[in-house]
Structures are given as structure tokens and as C-alpha cells.
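Here is a short briefing for anyone about to set up calculations on this protein chain.

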Amino acid sequence: MTAEHTVHKTPFVVEWREGFRIGIGQLDREHRHLFSLVLALNLGTVGQTVEQLLDYVVTHFSHEQEAMESSGYPALEQHLRLHEEFASRIADFLTRGDEWTEEQVQNLRRFLNKWLIGHIMTHDMRFGKWFAAHNPPAPDTDAASRHTG
């Protein structure tokens, strides 16, 4: 029975997959980077990695909000509430005040991965489909046509 207590759990690891693309280049790149930050979480660097992750989440959420506002996305307010709920859950993780343990790091990684996947595959994907249906092609293609004439 003591052998069971010394066995380490395999880390909960989810890596970026192409199926997570929502079709908006900047947001897809940011989602990919968020997955890499979650993957980098480990006991030795958890403080630094969490700080980077939080900074990047704020940046990403503001970019996502800007894209939704500028495109007139009708579910913007609902989406922002989801981001606020996420921030609250993360605050709960970080304000426990305990020293980080391997189990806490894995719990945080598990929460982050599950939230990211669920949020991207449901809410961000919904925005991506709406965006594609209601907006002209990305500015990159327009810039190329202006320089050829």
C-alpha cells in the first residue's frame, strides 16, 4: 500500500492542436501561446510562469474583446462575463497562500487546460464562425491588393 503513495501522477498535458483554430490569426496565435505557457508550468518555475501566464491572459482577453467590439459581435457581454469568471477562479488558485506543491501545479494545469479547451471549442469557436460570416477578409489581403495597383 505504501507503494501507491509514492507513485507520481503523470502530468496533465494538453498541447495545441489545429482543431483549436477559430480562424482569426492573431487570436489563434495567442491561444497557441497560452497552451505553451500552461505546458511550461512546473514546480521549479511556477511563480514566474504563472506571472507570465496572467500577463498574457490579460493581453489576450483585451485583444479578443477589441476584435469582438470592432466587429459588432452580439454576444460580447456574455463572453466578457466568462472572462471575468475565469479571472475569479484563477484568483482563488493564487490566493491560497500555500507553498506550491507538485499536486497544486498539476491541479492548476488541469484547470487551465480544461478551461482553455472548453472556452475555445465552445465560445471562441462560436465567435470565429460569426466573425467569418459577418466580416470582410482580413486586412492582410487588402494591403496586398493596394500595393499592386
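Let's begin with the charged side chains: Glu18, Arg21, Asp28 and Arg32 are linked in a network of salt bridges, a salt bridge being a side-chain nitrogen of Lys or Arg within 4 Å of a carboxyl oxygen of Asp or Glu. This is a predicted model, in which local features need pLDDT of at least 70 and side-chain atom pairs count only at pLDDT 80 or more, while totals for chains, interfaces and linings use all residues. Residues are numbered from 1 along each chain as its sequence is written, and side-chain values use heavy atoms, with hydrogens and water left out.

**The salt-bridge network**

- The structure holds 3 salt bridges.
- Glu18 pairs with Arg21, and their closest N and O atoms are 2.4 Å apart.
- Glu18 also forms a salt bridge with Arg32, with 3.5 Å between the closest N and O atoms.
- This second pair links distant parts of the chain, as Glu18 lies in the loop between α1 (2–6) and α2, Arg32 lies in helix α2, and the two are 14 residues apart.
- Arg21 meets Asp28 as well, in a salt bridge of 3.9 Å, N to O.
- Asp28 is buried, with a relative accessible area of 3%; buried means under 20% relative accessible area, exposed over 50%, and partly exposed in between, with a 1.4 Å probe and protein chains only.

**Overall fold**

- The secondary structure of the protein chain comes to 6 helices and 0 strands, where helices (H or I, at least four residues) and strands (E, at least two) are DSSP runs numbered from the N terminus.
- Read from the N terminus, the elements run α-α-α-α-α-α.
- Of the 149 residues of the protein chain, 34% count as buried.

**The nonpolar core**

- In soluble globular proteins, nonpolar side chains tend to be buried together.
- The largest nonpolar core here has 35 residues, and Phe86, Leu112 and Phe127 have the most contacts inside it.
- α2 (25–39), α3, α4 and α5 (102–134) each supply at least two residues of this core.
- Its largest share, 10 residues, comes from α5.
- For such a core, buried Ala, Val, Leu, Ile, Met, Phe, Trp, Tyr and Cys residues are joined through side-chain atoms within 4.5 Å.

**The negative surface patch**

- Which residues form a negative surface patch? They are Glu66, Glu69, Glu77, Glu84 and Glu85.
- Patches are made of residues with over 30% relative accessible area and no salt bridge, with like charges joined within 9 Å and nonpolar side chains (Val, Leu, Ile, Met, Phe, Trp, Tyr) within 5 Å.
- α3 (46–71) and α4 (76–94) each supply at least two residues of the patch, and the largest share, 3 residues, comes from α4.
- Glu84 has its place in helix α4 and is exposed, with a relative accessible area of 55%.

**A pair across the sequence**

- Ser62 sits in helix α3 and counts as partly exposed at 30% relative accessibility.
- Ser62 and Leu80 are 18 residues apart in sequence and 9.8 Å apart in space, C-alpha to C-alpha.

Note on methods. Accessible areas come from the Shrake-Rupley method with a 1.4 Å probe; for residues, only the protein chains shown count as cover. Lys and Arg count as positive and Asp and Glu as negative; His and the chain ends are not counted. The place of a charge is taken as NZ of Lys, CZ of Arg, CG of Asp or CD of Glu.
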